[in-house]
Amino acid sequence: HGSPAWATERDPLQVINFPVVQLHMSLMAMRASQKDFENAMNQVKLLKKDPGNEVKLKLYALYKQATEGPCNTPKPGVFDLISKAKWDTWSALGSLPKETARQNYVDLVSSLSSSSKSSGQVEPGADRKPPGYETLVVTSEDGITKIMLNRPTKKNAMNRQMYHEIMLALEAASKDDSRITVITGNGDYYSSGNDLTNFTDMASGKVEELAKNSAILLRNFVGCFIDFPKPLVAVVNGPAVGISVTTLGLFDAVYSTDRATFHTPFSHLGQSPEGCSSYTFPRIMSPSKATEMLIFGKKLTAREACAQGLVTEVFPDSTFQKEVWTRLKAYAKLPPNAMRISKEVIRNKEKEKLHAINAEECSVLQERWLSDECMNAVMNFLSRKAKL
Ligand SMILES: CCCC/C=C/CC(=O)SCCNC(=O)CCNC(=O)[C@H](O)C(C)(C)COP(=O)(O)OP(=O)(O)OC[C@H]1O[C@@H](n2cnc3c(N)ncnc32)[C@H](O)[C@@H]1OP(=O)(O)O
């Protein structure tokens, strides 16, 4: 007795009833059995605290993906809000394999269970054990949650797993007791942008479906940046390409090493701007400077990006980490509610607009991904004929 109604509801289509994504994804844990999955479903019912709708949507989507595979039902009408939210979240998982979805579900439930057991026992400000993601290292210390992109051998290119994990990490950071959230990269790159192997399936039929799923994924991904409630800071540790540059326009501060470059080669790739950059860049810089980046693919040095307002401050590479983290730790001592409310006041003025821009950019890109220009560019990279 005593289980909350949302946790005991068995049919996920009747009610959004499963918990969020927190991934203890050690390599061992990557192989969740059917039994683990069933245990996790039972564990959900034992949770005392409602994890919130976002989490329940994630759990619902992972459950559906794990049991039925990619979203296969017609899109609900716009006025059927709950069904549409569920459908959107499931669709956003794209072609995530059933086994990975099952594992993510198990890991998420496990993290929810352990966090509910330990709630109230963690001292404020005490370091928490980092959860294990596959493509990220996420730590929380000194009032700062640090999300580090962790595919250094691939220049931190963002594969589908990484998009999902960043969304999950942002979701978790928005709710933890940290005051500032940082995104940075491991290794010599901040990120080389979208992992072009995300497009390899494009060659294997069902191209329209893949483009559609990618557009949904991208829209949800960028939406997380638009809605993120706490100060979000980029610590740009090296060159940045594509989506890792465009999303900077949605951060609250961008600190960069002088070794970094900023490159949005969309025309070269037969693509078009995303991350709300078609709106933020002309406003941050000027329309013509934005044109040079977004249409002509001009690569900016860190100092040029700073002069254009995209970067807040540039530091010498030799002292970059020390200087930036010292500063961030000081900022993290500021009153958290004041920082959050100030961000809300600033962001609320254009949140709706940003979501509309995001939707438009994704729909344009969905078409672009099907173009010969885009497919040829991706094939040239993958067949080692071209590099940026
Ligand atoms: C679903 C949502 C879609 C959102 C869309 C977003 C749009 C964008 O983000 S557009 C930008 C896409 N990015 C690129 O076009 C970059 C492609 N990469 C390169 O041109 C080069 O790798 C580099 C200039 C970034 C680095 O060159 P460098 O010579 O220093 O290193 P490499 O030997 O090329 O790279 C090491 C290793 O990493 C792999 N890799 C790097 N970047 C990517 C990438 N973006 N996608 C896939 N793989 C990448 C590279 O192939 C190498 O792998 P191997 O060691 O296995 O050969």
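Is tyrosine 255 buried or exposed, and what is its relative accessible area? In this predicted model, tyrosine 255 has a relative accessible area of 5% and is therefore buried, since buried residues are those under 20%. Phenylalanine 315, at 2% relative accessibility, likewise counts as buried. The ring centres of tyrosine 255 and phenylalanine 315 lie 6.0 Å apart with their planes at 80°, so the pair is edge-to-face. Distant parts of the chain are linked by this pair, tyrosine 255 belonging to strand β6 (residues 253-257) and phenylalanine 315 to strand β9 (residues 313-315), 60 residues apart.

The count of aromatic pairs comes to eight. In another of these, the rings of tyrosine 163 and phenylalanine 221 have centres 4.9 Å apart and planes at 85°, so this pair is edge-to-face. Tyrosine 163 lies in helix α6 and phenylalanine 221 in helix α7 (residues 207-227), 58 residues apart in the chain. Tyrosine 163 is buried at 6% relative accessibility, and phenylalanine 221 is buried at 1%. Ring pairs join Tyr163, Phe221, Phe225 and Phe251 into a cluster.

Strand β3 (residues 180-185) is largely enclosed by the rest of the structure, because six of its six residues are buried. Side chains in a regular strand alternate between the two faces of the sheet. In β3, Ile180, Val182 and Thr184 point one way, whereas Thr181, Ile183 and Gly185 point the other way. Strand β2 (residues 144-149) runs parallel to β3 and is joined to it by six bridges, with leucine 149 partnered by glycine 185. From β2 the chain passes through helix α6 (residues 160-175) to β3 in a right-handed β-α-β crossover. Four bridges join β3 to the parallel strand β4 (residues 232-236).

Conventions: Residues are numbered from 1 along each chain as its sequence is written. This is a predicted model: local features need pLDDT of at least 70, side-chain atom pairs count only at pLDDT 80 or more; totals for chains, interfaces and linings use all residues. Side-chain values use heavy atoms; hydrogens and water are left out. Buried means under 20% relative accessible area, exposed over 50%, partly exposed in between (1.4 Å probe, protein chains only). Helices (H or I, at least four residues) and strands (E, at least two) are DSSP runs, numbered from the N terminus. Two strands pair if DSSP finds at least two bridges between them. A crossover is right-handed if, with the strands pointing away from the viewer, the path from the first strand over the helix to the second runs clockwise. Rings of Phe, Tyr and Trp (its six-membered ring) pair if their centres lie within 6.5 Å; planes under 30 degrees apart count as stacked, over 60 as edge-to-face and the rest as tilted.
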